Amino acid sequence: MARTLAELDAAFRQLEHKVIRVREVILQDHPNLAAHLAMGLGTLSASATVDIGVRVTRSSNLAVVSQVDTLIGWDVEEYDTDTMHDTVTNNSRITINTPGKYLVGACLAYGGSGTGYKRLQLLRNGTTAVFEKNIVQVSAMSHGLDCCLEKYCAVDEYLEILTRHADGSDQNIL
């Protein structure tokens with residue numbers, strides 16, 4: 001089922017709210033809990049005093065050429081509590097500075113366009129796909145792609161979102 005960018009963003013925010021609430025309940029009931037709890041692209045240890053995480057977006061559409069792998073650069077940070085992202089240098093990367101389990105979420109939306117496939121991949125260190133989602137578009141309407149997974153990340157590991165489509169002409173990611 002194709003979803004709009006607004007629907008994907010609303011779903012991601014609901015997920016973040018639920019994770020925050022679960023974390024609060026667990027930490028209240030188990031103050032000595034040493035396990036990591038995930039939120040957004042982030043982690044929290046019961047012994048930590050701050051969340052570790054980052055949320056990035058784009059300030060404008062991105063034109064993606066048909067049949068060309070394209071990394072998504074992020075030029076806006078909503079928050080970055082562990083210097084995981086730079087809006088200028090390698091702005092497609094989220095670099096891990098604190099090892100642990102992270103809840104990684106991403107969503108992107110292609111504007112209304114022709115038929116063909118759309119792909120979203122989550123890459124580790126620029127080469128290894130740790131998640132992939134493909135859709136086949138059969139009508140000229142906006143389509144969204146999203147992912148959400150828990151992943152252990154080591155120091156200096158970085159994550160990127162790569163996309164590709166086969167519409168025959170450039171398409172915008174909104």
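Which side chains meet in a salt bridge at 3.3 Å, N to O? I found E78 and R55. I noted the term as well: a salt bridge is a side-chain nitrogen of Lys or Arg within 4 Å of a carboxyl oxygen of Asp or Glu.

Before going on, I wrote down the ground rules. This is a predicted model, where local features need pLDDT of at least 70 and side-chain atom pairs count only at pLDDT 80 or more, while totals for chains, interfaces and linings use all residues. Residues are numbered from 1 along each chain as its sequence is written, and side-chain values use heavy atoms, leaving out hydrogens and water.

**Entry 1: E78 and R55.** I looked up where the two partners sit. E78 is in strand 6 (residues 76-80) and R55 in strand 3 (residues 52-57), 23 residues apart. Strands here are DSSP runs (E, at least two residues), numbered from the N terminus. I then checked accessibility: E78 is partly exposed at 39% relative accessible area, whereas R55 is buried at 9%.

**Entry 2: R164 and D69.** I searched the whole structure and got six salt bridges. Another one of them joins the side chains of R164 and D69, at 3.1 Å from N to O. R164 is buried, with a relative accessible area of 18%, and D69 is partly exposed at 43%.

**Entry 3: K133 and D146.** I also looked at K133 and D146, whose side chains form a salt bridge at 2.7 Å, N to O. K133 lies in strand 10 (residues 128-137) and D146 in strand 11 (residues 143-153), so this pair ties together parts that are 13 residues apart in sequence. I have K133 down as partly exposed at 27% and D146 as buried at 18%.

**Entry 4: S66.** Next I turned to S66, in the loop between strand 4 and strand 5. Is S66 buried or exposed? I read a relative accessible area of 16%, so S66 counts as buried.

What does S66 contact beyond its neighbours within four places in sequence? I listed H165, A166, D167, G168, S169 and D170, taking contact as heavy atoms within 4.5 Å. S66 and S169 are 103 residues apart in sequence, yet their C-alpha atoms are 5.4 Å apart in space. I also noted that a polar atom of the S66 side chain lies 3.4 Å from the backbone nitrogen of D167.

Terms used. Helices (H or I, at least four residues) and strands (E, at least two) are DSSP runs, numbered from the N terminus. Buried means under 20% relative accessible area, exposed over 50%, partly exposed in between (1.4 Å probe, protein chains only). A polar contact is a pair of N or O atoms within 3.5 Å; within protein, one must be able to donate a hydrogen and the other to accept it, and residues adjacent in sequence count only if both atoms are side-chain atoms.
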